[in-house]
Amino acid sequence: MTITASTAALIADARALGLAHYAARGVLEHVLARHGATFQQQVALRAAVTADAPQTPDDLVTQVQGSLKADPTDIRATLDELLAEQLLVADGAHLRPTDAGRELIAAVGAETAPITARIWGGIPTEDLTAAGRVLALVAERANAELAALEA
């Protein structure tokens, strides 16, 4: 990565965080669109695919809401979409990813991997470590503020 005068002088703030988030999300959404999937569908399906144990719909709603801060009603509609598209299947009280669901997550991961490598490649480890600490602290504080607003 080449550090220029404009990037060297930047201070992380909410705007810089938002711009980085939406740029990266835009890349992912472009790939997802080729597969006929939405961002929220991918987040919910990934939660089901990567879970250590079978998940109930409530489990998945809680996980997705924790990640996206989305409305539970919208998340349930997303789960219904994944069921209708046979990317998830009901198994008693649980929702399990189908082979097609697992294949979608794998295909999206394979397509985004080289893009991700280009985006993150060359950033010094110490910069990534510092950014990770800052982002974790910002997320913790923002989650606390959100909880206080919702109380």
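Modeller: Happy to. In this predicted model, L17, V134, L135 and V138 make a nonpolar surface patch of about 300 Å².

Biologist: Which helix gives the largest share of the nonpolar patch?

Modeller: That is helix 7, residues 125-150, which supplies three residues of the patch. V134 has its place in helix 7.

Biologist: Why is V134 called partly exposed?

Modeller: The relative accessible area of V134 is 44%. Buried means under 20% and exposed means over 50%, with partly exposed in between, so V134 at 44% is partly exposed. A patch residue needs over 30%, and V134, at 44%, therefore passes that cut-off too.

Biologist: Now the inside. What makes up the largest nonpolar core?

Modeller: This core has 25 residues, and those with the most contacts inside it are L45, L60, L79, L82 and L88. Helix 2 (14-34), helix 3 (39-50), helix 4 (57-68), helix 5 and helix 6 (99-120) each supply at least two residues. Helix 3 gives the most, with seven.

Biologist: Which residues does L82 touch?

Modeller: Leaving aside residues up to four places away in sequence, L82 touches Q41, A44, L45, L87 and L88.

Biologist: How do you know where the confidence is lowest and highest?

Modeller: By the mean pLDDT: helix 1 (residues 5-8) is lowest at 54, while helix 5 (residues 72-84) is highest at 98. Across the protein the average is 93, and 94% of the residues score at least 70.

Biologist: Why does a low value call for care?

Modeller: Because where pLDDT is low, predicted coordinates should not be read in detail.

Terms used. Residues numbered from 1 in each chain as written. Predicted model: local features only at pLDDT ≥ 70, side-chain atom pairs only at ≥ 80, totals over all residues. Heavy atoms only, no water. pLDDT = per-residue confidence, 0-100. Helix = DSSP H or I, 4+ residues; strand = E, 2+ residues; numbered from the N terminus. Patch = residues over 30% accessible without salt bridge, like charges linked within 9 Å, V, L, I, M, F, W, Y side chains within 5 Å. Areas by Shrake-Rupley, 256 points an atom, 1.4 Å probe, with all protein chains shown as cover. Salt bridge = Lys/Arg side-chain N within 4 Å of Asp/Glu carboxyl O. Buried < 20%, exposed > 50% of the residue type's maximum accessible area, 1.4 Å probe, protein only. Core = buried A, V, L, I, M, F, W, Y, C linked by side-chain atoms within 4.5 Å. Contact = heavy atoms within 4.5 Å.
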